[in-house]
Amino acid sequence: MEQLQNLYRLQQVELKLCAWQEKLKNLPVYAAFTQAKAEVMRAKEAVEALQEKFTTQQRQVKKLEYNLQETEAKEQDLQKELFGDNKTAREVQQLEKKAKILRQNFLQQEEELIASLEVTEALAEALTQARQNYQKLRKDLQAVQQQGKREIRQIKAKIKELQAEKLRLEALIPQELKTEYQRLRSHFQGKPLAEVKNGICSGCYVAIPLSINSRLLAQKMIYCENCGRLLVFFPEKEDD
Ligand SMILES: [Zn+2]
């Protein structure tokens, strides 16, 4: 009667199955993936924000360039007028005063444009870096995803293997024994069967009386008098 031993094997398979299923549920890679994804999102937002700033800045440069050209054209018109005929001394004086103001405006606008171009350049550089960072983080995320898929595949294969083993063992065990096992399972956190090793119950570590030991050899259903677990004896493992 190997049924009790098979039931014990079934218990061990179910415990392993449970552990792997738990592991699958709480893989560290899930948290790593969530974190990597959040980082990608942040990097993407940074790129978008910089892109918007850069576009605004470009518009600003265009506007400044346009203003500068306008001032330059006005200056040229004024020069023509200044060197035209029939000007009184007073008119010339006024025109010269205007020309001076326009020159000042031109120089100021030129300075603004140069400053604005410098900002544009810095933004372009920052945008390039932000894009590179985004690409790198995306690659990292893909790597985490691949790694996670590999781990999940391996664990699922292991679970499938254990489930097959579980079915194989269940087919070998009579229904009443399985029913008894199911009944006891919840009382002993999934471990209602205890192996007897060197005359000791491996569930509660209390010595089994010799009289019981001999009955175990006869493969009878014996419960530990101390903890109540169903005792199993593997004679072939006695030398362990
Ligand atoms: Zn016990």
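**How many helices and strands make up the secondary structure of the protein?**

**Figure 1. The whole chain in overview.** This is a predicted model, and its secondary structure comes to five helices and three strands. Starting at the N terminus, the order of elements is α-α-α-α-β-β-α-β. The radius of gyration is 43 Å, well over the 18 Å that the globule rule gives for 240 residues, so the protein is more spread out than a compact globule. Along the principal axes, the C-alpha atoms fill a box of roughly 140 × 30 × 30 Å. Of the 240 residues, 11% count as buried. If you look at contacts between residues at least 6 apart in sequence, 75% of them join residues at least 24 apart.

**Figure 2. Helix α3 from end to end.** This helix covers residues 89–172, which makes 84 residues. From its first C-alpha to its last it reaches 123 Å, close to the 124 Å expected at 1.5 Å a residue. Look along α3 for Tyr 134, Leu 141 and Leu 162, which are buried. The cover over the buried residues of α3 includes α1 (3–25) and α2 (28–82).

**Figure 3. The loop between α2 and α3.** Here you will find Asn 86, which lies in the loop joining these two helices. Its phi is near 50°, a positive value in a residue other than glycine. Is Asn 86 buried or exposed? Asn 86 counts as exposed, because it has 5 C-beta neighbours inside 10 Å, and the cut-off for exposed is 12 or fewer.

**Figure 4. Where domain 1 meets domain 2.** The domain assignment gives domain 1 (3–173) and domain 2 (176–237). Their C-alpha centres lie 63 Å apart. Eleven residues of domain 1 are in contact with ten residues of domain 2. On the side of domain 1 that touches domain 2, α1 gives the most, with nine residues. Sorted by class, that side of domain 1 has six nonpolar, three polar and two charged residues.

**Figure 5. The largest nonpolar core.** Which residues of this core touch the most other members? Of its 16 residues, they are Leu 193, Val 196, Leu 231 and Val 232. At least two residues of the core come from each of α1, β1 (193–197) and β3 (230–232). The largest share, five residues, is supplied by α1. Domain 1 and domain 2 each provide at least three residues of this core.

**Figure 6. Phe 234 and its contacts.** This residue lies in the segment after β3. Leaving aside residues up to four places away in sequence, Phe 234 touches Gln 5 and Glu 195. Phe 234 is partly exposed, because 14 other C-beta atoms lie within 10 Å. For a sense of scale, pick out Ile 114 as well: Phe 234 and Ile 114 are 120 residues apart in sequence and 89 Å apart in space, C-alpha to C-alpha.

**Figure 7. Tyr 205 in its loop.** Tyr 205 sits in the loop between β2 (200–201) and α5 (210–217). Its phi is near 60°, a positive value in a residue other than glycine. Why does Tyr 205 count as exposed? The reason is that Tyr 205 has 11 C-beta neighbours inside 10 Å, and a residue with 12 or fewer counts as exposed.

How values were computed:
Residues are numbered from 1 along each chain as its sequence is written. This is a predicted model: local features need pLDDT of at least 70, side-chain atom pairs count only at pLDDT 80 or more; totals for chains, interfaces and linings use all residues. Helices (H or I, at least four residues) and strands (E, at least two) are DSSP runs, numbered from the N terminus. The expected span of a helix is 1.5 Å times one less than its number of residues. A residue is buried if 20 or more other C-beta atoms lie within 10 Å of its own, exposed if 12 or fewer, and partly exposed in between; C-beta atoms are placed from the backbone. Two residues are in contact if their C-beta atoms, placed from the backbone, lie within 7 Å. A nonpolar core is a set of buried Ala, Val, Leu, Ile, Met, Phe, Trp, Tyr and Cys residues joined through C-beta atoms within 7 Å. Domain bounds come from an automatic or database domain assignment. The radius of gyration is taken over C-alpha atoms; the globule rule is 2.2 Å times the number of residues to the power 0.38. Ala, Val, Leu, Ile, Met, Phe, Trp, Tyr, Cys and Pro count as nonpolar, Asp, Glu, Lys and Arg as charged, and the others, Gly among them, as polar.
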